[in-house]
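Good morning, colleagues. Please look at the display as I begin.

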Amino acid sequence: LGAEGRALAFCPEVAGGLPTPRPPAERQGERVVTESGLDVTEEFDRGAALALALCQQQDIRFALLKEGSPSCGSGRIYNGSFEGVSLAGEGKTTALLRRHGIAVFSEDQLPELASALALAACGSV
């Protein structure tokens with residue numbers, strides 16, 4: 001998709017102002033905190049808003065996001081205890097995009113994304 005110009009790389013965490021590399025962070029309810037206790041919710045919310053704005057500006061209807069991430073998890077995220085335990089849930093960017101009608105897929109759902117893209121190309125979606 002990238003070679004065809006049909007994919008756009010975007011990291012909401014970096015766009016929201018976080019460094020690379022950055023310390024691990026996990027959702028604790030609506031907050032996102034690092035293992036040391038630093039609250040990075042504002043950066044995660046800013047990155048999610050910028051991702052949504054980009055999708056709206058570019059008429060993007062599908063997103064492929066990283067599973068497990070506090071930004072991008074679409075089916076599971078870590079439970080906030082920093083013990084490597086995941087649970088059903090979604091990241092902040094995923095939740096915002098879905099609320100605005102953008103279909104979100106993880107790397108575990110590439111066949112489903114391919115099907116959705118094929119349907120959209122045929123005008124069925």
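Helices here are DSSP runs of H or I with at least four residues, numbered from the N terminus. The model is a predicted one.

Let me begin with helix H3, which covers residues 92-99. Six of its eight residues are buried, so the helix is largely enclosed by the rest of the structure. Those buried residues are Lys92, Thr93, Thr94, Ala95, Leu96 and Leu97. After H3 comes Gly101, with a positive phi near 80°.

I turn now to the aromatic residues. The structure contains one aromatic pair. Its rings belong to Phe62 and Phe105, with centres 6.4 Å apart and planes at 40°, so the pair is tilted. Because Phe62 lies in strand E3 and Phe105 in strand E6, the pair ties together parts that are 43 residues apart in sequence. Both Phe62 and Phe105 are buried.

Finally, the backbone in the loops. Between H1 and E1 the loop holds Pro21, and the peptide bond from Thr20 to Pro21 is cis, with omega near -5°. Asp59, in the loop between H2 and E3, is a residue other than glycine with a positive phi, near 55°. Its relative accessibility is 61%, so Asp59 counts as exposed. Phe82, in the loop between strand E4 (76-78) and strand E5 (86-88), also has a positive phi, near 60°.

Notes
Residues numbered from 1 in each chain as written. Predicted model: local features only at pLDDT ≥ 70, side-chain atom pairs only at ≥ 80, totals over all residues. Heavy atoms only, no water. Buried < 20%, exposed > 50% of the residue type's maximum accessible area, 1.4 Å probe, protein only. Helix = DSSP H or I, 4+ residues; strand = E, 2+ residues; numbered from the N terminus. Phe/Tyr/Trp six-rings, centres within 6.5 Å; stacked < 30°, edge-to-face > 60°.
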